[in-house]
Amino acid sequence: MAASPEAKFTEETVLWVKHHTPKLITFAISRPESYRFAAGQFSRLGFHEGEGYIWRAYSVVSAEYADTLEYFAVLIQDGPMSARFARMKAGDTILLDKAATGFLLPERFADGRELVMLCTGSGIAPFLSILEQPEIWQRFDRLVLAHSVSHSDELIFNGRIAALREHPLVGEHAAKLTFIPVLTRETSGARLYKRLPELLKNGSLAEAAGFPFTQENTRFMLCGNPEMVKDTFQALLGMGFAMHRNRIPGQILMENGF
Ligand SMILES: Cc1cc2nc3c(=O)[nH]c(=O)nc-3n(C[C@H](O)[C@H](O)[C@H](O)COP(=O)(O)OP(=O)(O)OC[C@H]3O[C@@H](n4cnc5c(N)ncnc54)[C@H](O)[C@@H]3O)c2cc1C
Ligand SMILES: NC(=O)c1ccc[n+]([C@@H]2O[C@H](COP(=O)([O-])OP(=O)(O)OC[C@H]3O[C@@H](n4cnc5c(N)ncnc54)[C@H](OP(=O)(O)O)[C@@H]3O)[C@@H](O)[C@H]2O)c1
């Protein structure tokens, strides 16, 4: 079943699949020349299934300027798409909706000097893409990425984040980034050991970031488990921060990661 030219999707090729743990994979697919996205947005990926299709949303991990499209997926027990991903291999066909979407875009903040990115699980994906964009390193004085997972083997991007220091587009700005790995069900192998809302409320996140969070200078982006997004948003509201809307500027942008 090939895609017709007027179809809303293109048929792409899976280029590689890497299994990091039994439930965490990264993979890349071919990128049509016409495919455009902004760092922070997500694609809709699909497969033919019987007479129809299966579609799900996945944040793009790659930079806007990359030749291929990379993704990070958490495989869910008994999840229909996860079952497809578990057996996916290089050379397979995958469907890519022609339109990327999403509003988790740092350029929506007109001001602010520090960008604090808070995520759980696969919610790190949009921030990996954002950190590959040179503008973000020039635009902000400080960048903080806090990634919360339950167990240490889920912190699979530590090496990639450390390698940003050598990234040709980051260069002299590399020291602006503070990466804060967070574990919630183990007590060694990370920087902090409680859930993100609690770490905000008890001040240890700001302490690990190395500066106080202020309405004037600090901007927050949240992505991941919807309960985390909700609880973290509440914690930030309690600290005097507000949702950012295009007509009513605030300090918080957020997206549910599933
Ligand atoms: C805007 C958006 C962006 C997304 N980006 C990603 C991404 O980059 N990587 C990714 O792995 N998933 C992402 N997802 C989730 C993804 O679309 C699928 O839901 C997920 O891969 C599971 O699909 P499934 O068919 O196997 O199970 P589903 O039937 O879709 O989900 C079953 C249950 O699994 C849980 N769940 C779903 N996704 C996750 C997850 N990522 N982490 C933990 N629990 C989850 C939820 O409780 C859900 O009800 C995103 C979802 C949205 C809405
Ligand atoms: N994480 C596990 O060990 C585990 C176990 C059984 C099944 N599962 C299932 O496996 C799938 C993937 O799990 P996942 O671990 O990748 O994703 P996840 O359940 O979203 O957990 C990722 C991170 O988010 C944290 N978190 C969850 N709810 C939060 C909240 N309200 N506020 C702040 N932080 C919160 C978790 O802390 P906590 O560790 O404190 O939850 C963890 O650090 C899901 O379907 C999940 O239900 C997970």
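Helices (H or I, at least four residues) and strands (E, at least two) are DSSP runs, numbered from the N terminus.

## Basis of the model

This is a predicted model, in which local features need pLDDT of at least 70 and side-chain atom pairs count only at pLDDT 80 or more, while totals for chains, interfaces and linings use all residues. Residues are numbered from 1 along each chain as its sequence is written, chains are lettered from A and ligands numbered from 1 in the order in which they are written, and side-chain values use heavy atoms, with hydrogens and water left out.

## Ligand 1

Polar contacts with a ligand are pairs of N or O atoms within 3.5 Å. A nitrogen atom of ligand 1 lies 2.7 Å from a backbone N or O atom of Phe 72, and a nitrogen atom of ligand 1 is 2.8 Å from an N or O atom in the side chain of Ser 122. At Val 74, a polar backbone atom is 2.9 Å from an oxygen atom of the ligand. Ligand 1 has 870 Å² of accessible area on its own, of which the protein covers 72% (Shrake-Rupley method, 1.4 Å probe).

## Ligand 2

The shell around ligand 2 also holds 18 residues, with Ser 148, Ser 150, Thr 184, Arg 185 and Asn 225 nearest. By class they are 6 nonpolar, 6 polar and 6 charged. α7 gives the most, with 3 residues. Ligand 2 lies between domain 1 (9-97) and domain 2 (106-256), because both give residues to its shell.

Oxygen atoms of ligand 2 lie 2.7 Å from a polar side-chain atom of Thr 184 and 2.9 Å from a polar side-chain atom of Arg 195. A polar backbone atom of Met 228 is 3.5 Å from a nitrogen atom of the ligand. Taken alone, ligand 2 exposes 830 Å², and the protein buries 71% of that.

Note on methods: A residue is near a molecule or strand if one of its heavy atoms lies within 4 Å of it. A polar contact is a pair of N or O atoms within 3.5 Å; within protein, one must be able to donate a hydrogen and the other to accept it, and residues adjacent in sequence count only if both atoms are side-chain atoms. Ala, Val, Leu, Ile, Met, Phe, Trp, Tyr, Cys and Pro count as nonpolar, Asp, Glu, Lys and Arg as charged, and the others, Gly among them, as polar. Domain bounds come from an automatic or database domain assignment.
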